[in-house]
Amino acid sequence: MLNCAINPLLLRQFWSVVETTQANILLHLDDSTLVRHLTHDLQTQRLLDAEETTAVNHYIESRLPLIRDIAQSRVSPEFCGSAI
């Protein structure tokens with residue numbers, strides 16, 4: 001089990017990174033490369049210690065389907081089911 005919880009500020013910064021990352025990157029990188037890419041982008045905003053890095057990596061891995069769903073909705077709005 002992780003000893004380091006992800007604090008709310010770090011979570012907000014992470015999801016901001018997801019929102020500003022190009023959708024094609026989120027959709028086309030393999031899982032491990034995407035985790036590294038997002039972690040690196042987050043580290044450019046905030047210095048993470050080893051425990052935070054491990055916690056963030058696990059968090060990202062557990063949210064990959066959601067991250068890709070969000071990216072897919074940005075490239076094809078009909079994915080959201082918003083028919084008028």
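This note walks through the helix packing of the chain, point by point.

1. A word on the basis. This is a predicted model, in which local features need pLDDT of at least 70 and side-chain atom pairs count only at pLDDT 80 or more, while totals for chains, interfaces and linings use all residues. Residues are numbered from 1 along each chain as its sequence is written, and side-chain values use heavy atoms, with hydrogens and water left out.

2. Overall make-up. The chain has four helices and zero strands, where helices are DSSP runs of H or I with at least four residues, strands are runs of E with at least two, and numbering starts from the N terminus. Along the sequence this reads α-α-α-α.

3. Surface and burial. Of the 84 residues, 32% count as buried (under 20% relative accessible area; exposed is over 50%, partly exposed in between, with a 1.4 Å probe and protein chains only). The accessible surface is about 5,400 Å², and carbon and sulfur atoms hold 57% of that surface; the areas come from the Shrake-Rupley method with a 1.4 Å probe, and for residues only the protein chains shown count as cover.

4. Contacts along the sequence. Taking contact as heavy atoms within 4.5 Å, residues 24 or more positions apart supply 69% of the chain's contacts with a separation of 6 or more.

5. H1 against H4. Helix H1 (residues 8-20) packs on helix H4 (residues 50-75) at about 40 degrees, with the axes 10 Å apart; axes are lines fitted to C-alpha atoms, for helices over the stretch in contact, and angles run from 0 to 180 degrees between N-to-C directions. The two are therefore oblique to each other (under 35 degrees is roughly parallel, over 145 roughly antiparallel, 65 to 115 roughly perpendicular, the rest oblique). Their crossing is right-handed, that is, the near helix is turned clockwise from the far one by less than a right angle, anticlockwise being left-handed. From H1, the residues that meet H4 include Phe14 and Trp15, and on the H4 side Tyr59 and Arg63 are among them. By class, this contact has eleven nonpolar, no polar and three charged residues (Ala, Val, Leu, Ile, Met, Phe, Trp, Tyr, Cys and Pro are nonpolar, Asp, Glu, Lys and Arg charged, and the others, Gly among them, polar).

6. H1 against H3. With helix H3 (residues 31-45), H1 makes an angle of about 120 degrees, the axes being 10 Å apart. That makes H1 oblique to H3, and the crossing is right-handed. Leu10, Gln13, Phe14, Val17 and Val18 of H1 meet Leu38, Asp41, Leu42 and Gln45 of H3. The tally by class is six nonpolar, two polar and one charged.

7. H3 against H4. Here the axes come within 9 Å and cross at roughly 120 degrees, which makes H3 oblique to H4. H3 passes H4 in a right-handed crossing. Leu34, Val35 and Leu38 are among the H3 residues in this contact, and Val56, Ile60 and Ile67 are among those from H4. The classes are eight nonpolar, four polar and three charged residues.

8. A closer look at Asp31. Which residues does Asp31 contact, leaving aside its neighbours within four places in sequence? They are Leu64 and Arg68. Asp31 lies in H3 and is partly exposed, with a relative accessible area of 43%. Its C-alpha atom is 7.5 Å from that of Leu64, 33 residues apart along the chain.
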